[in-house]
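I opened this structure to look up a few of its helices and strands. My entries follow the display.

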Amino acid sequence: IIRCDVCSGPLSAGTLRGKSMYRCAPQGCVFVRKDEADALGMRRIVDYLSSEKVHAGLQHAGEQAAEELSKLDEQIAREEGELAKLKSRTKAGELTIDFAASVEPGIRARLIDLSTRRQELAVPSELRGLIGSREEVEARLAGIDDIVRLRRIAQLVLDRTRAGEMRIEPSPSRGHRVPVKDRTVFRRNPR
């Protein structure tokens with residue numbers, strides 16, 4: 001759920017000098033106190049689930065959302081078809097590589113926009129019962145004893161298409177402790 005902003009690797013939990021820590025699993029690029037990172041992640045989740053934007057997205061959840069989701073699915077399929085056609089026509093020699101290279105980024109950008117919009121409309125059922133005011137969200141999350149369910153909620157919310165992927169940057173002053181809030185970024189959509 002939490003990633004290293006240097007190598008994009010996942011962080012794994014462990015202990016260092018008797019303290020619970022997250023560490024960059026692949027390369028050890030970053031270390032951060034687990035309790036601080038968990039609290040910051042939970043604040044981001046609460047902010048997301050209590051936001052008016054998410055509430056508005058859920059209000060669309062009836063027929064209007066179903067219609068819009070259907071239209072988005074058609075548009076996504078059309079763009080994916082265009083991309084496939086572009087690739088096959090380029091391989092067949094009907095189009096130049098330069099032309100394909102100039103057209104492909106536009107198609108991919110439209111696909112990202114459509115997919116992001118679809119993701120925003122299609123709020124997963126796991127999140128629906130949690131949405132409300134900040135106090136309601138905090139109370140509902142506090143009432144969940146199942147760690148697997150909490151992890152699934154965090155995976156859904158701390159995602160590039162929702163609240164942003166939680167990433168930890170290295171300390172700007174090596175060997176000196178810098179609070180996690182000052183080293184955390186939430187990345188949305190692919191770079």
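I began at the start of H7, where Asp-146 caps the N-terminal end: one of its side-chain oxygens lies 3.0 Å from the backbone nitrogen of Val-148. I count a polar contact as a pair of N or O atoms within 3.5 Å. The model is predicted, so to speak of local features I need pLDDT of at least 70, and side-chain atom pairs count only at pLDDT 80 or more, while totals for chains, interfaces and linings use all residues. Numbering runs from 1 along each chain as its sequence is written, and side-chain values use heavy atoms, without hydrogens and water.

Which residues of H7 are buried? I found Ile-153, Ala-154, Leu-156 and Val-157 in helix H7 (residues 147-157); buried means under 20% relative accessible area and exposed over 50%, with a 1.4 Å probe and protein chains only. Down the axis of H7 these residues fall within an arc of 165°, so they line one face of the helix. The face turned away from them carries the exposed Ile-147 and Val-148. I noted that the buried residues pack against H1, helix H5 (125-128) and helix H6 (134-142).

Strand E3 (residues 19-24) pairs with E4 over 3 bridges, and Arg-23 has Phe-31 in E4 as its bridge partner.

Key
Two strands pair if DSSP finds at least two bridges between them. Helices (H or I, at least four residues) and strands (E, at least two) are DSSP runs, numbered from the N terminus. The arc is that of the directions from the helix axis to the C-beta atoms. Contact means heavy atoms within 4.5 Å. A polar contact is a pair of N or O atoms within 3.5 Å; within protein, one must be able to donate a hydrogen and the other to accept it, and residues adjacent in sequence count only if both atoms are side-chain atoms.
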